[in-house]
Structures are given as C-alpha cells and as structure tokens.
Amino acid sequence: INSLKKVLLLDFDKLFCSHNPKLKNGKRMLKNKLCFLETFQGEVLTLFKKGYNDHAIVKILPNQESNMVKIFTFGNVSLLAMVRSVIKSFNVQT
C-alpha cells in the first residue's frame, strides 16, 4: 500500500505490469487497486478486532479467489495469505 502511494505521486499514464499491462489510464487503474487494498485491509482489521481468526475472516469476506492460482502457488497467492498479511502487519504495528 505504501509503495502504491509513492508511485501514484508520479506522473504517468501507461502501466507496464507483468500480468496485466495498461497502455491507457494506468494511473487510474493503480488508484483502483490501492482503493481495493485499503478497503480489504479495513474489512480484515475490523473482523480481526472483533475476534475472528484468519480462516473465519476468509469465509466472511465476499471476495472470490481462483483455486487454480492457489494450487499453482502452493497457497502463497490466496485470500488466506492476504488476510494473514494484513493481520501480521497490524500485529507488528501494535
């Protein structure tokens, strides 16, 4: 999130991302991604502070994930990994 905020301070339109390049409106697309991540982070932390654990949070969240991606990455790229990352970041800060 912090890296995205830094990049968004720059002036650009093209976004050369390895998995989904945008030749137009790249900055807007990156803003959308930042908004998604901040919203996701807020939802996870709200549930975590209410006492839900990582697996319960994954079940509650409306996000969909690709089982194929999860299989190919051995679970490293998954909704559960994202939830755990948010919780870990929160625990480090507190």
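Is K5 buried or exposed, or does K5 count as partly exposed? At 41% relative accessibility, K5 counts as partly exposed. That label has cut-offs: buried means under 20% relative accessible area, exposed means over 50%, and partly exposed lies in between (1.4 Å probe, protein chains only).

This is a predicted model, in which local features need pLDDT of at least 70, side-chain atom pairs count only at pLDDT 80 or more, and totals for chains, interfaces and linings use all residues. Residues are numbered from 1 along each chain as its sequence is written, and side-chain values use heavy atoms, with hydrogens and water left out.

**Salt bridges**

A salt bridge here is a side-chain nitrogen of Lys or Arg within 4 Å of a carboxyl oxygen of Asp or Glu. By this rule there are two salt bridges. One joins E38 and K5. Their closest N and O atoms are 3.4 Å apart. This pair links distant parts of the chain. E38 sits in helix α2 (residues 26-49) and K5 in helix α1 (residues 2-7), 33 residues apart. Helices (H or I, at least four residues) are DSSP runs, numbered from the N terminus.

R84 and D54 also meet through their side chains, at 2.6 Å from N to O. Again, distant parts of the chain are linked. R84 belongs to helix α5 (residues 79-93), D54 to helix α3 (residues 54-60), and 30 residues separate them.

How exposed are the partners?

| Residue | Relative accessible area | Class |
|---|---|---|
| E38 | 33% | partly exposed |
| K5 | 41% | partly exposed |
| R84 | 42% | partly exposed |
| D54 | 16% | buried |

**Aromatic pairs**

A pair of aromatic rings is described by the distance of the centres and the angle of the planes. Rings of Phe, Tyr and Trp (its six-membered ring) pair if their centres lie within 6.5 Å; planes under 30 degrees apart count as stacked, over 60 as edge-to-face, and the rest as tilted. The whole structure holds two aromatic pairs. One of them is F48 with F90. Their centres are 6.0 Å apart and their planes stand at 80°, so the pair is edge-to-face. F48 lies in helix α2 and F90 in helix α5, 42 residues apart. F48 is partly exposed, at 23% relative accessibility.

**A positive phi**

Most residues other than glycine have a negative phi. N25 is not a glycine, yet its phi is positive, about 60°. Where is N25? N25 lies in the loop between α1 and α2. N25 counts as partly exposed, at 36% relative accessibility.

How values were computed. Helices (H or I, at least four residues) and strands (E, at least two) are DSSP runs, numbered from the N terminus.
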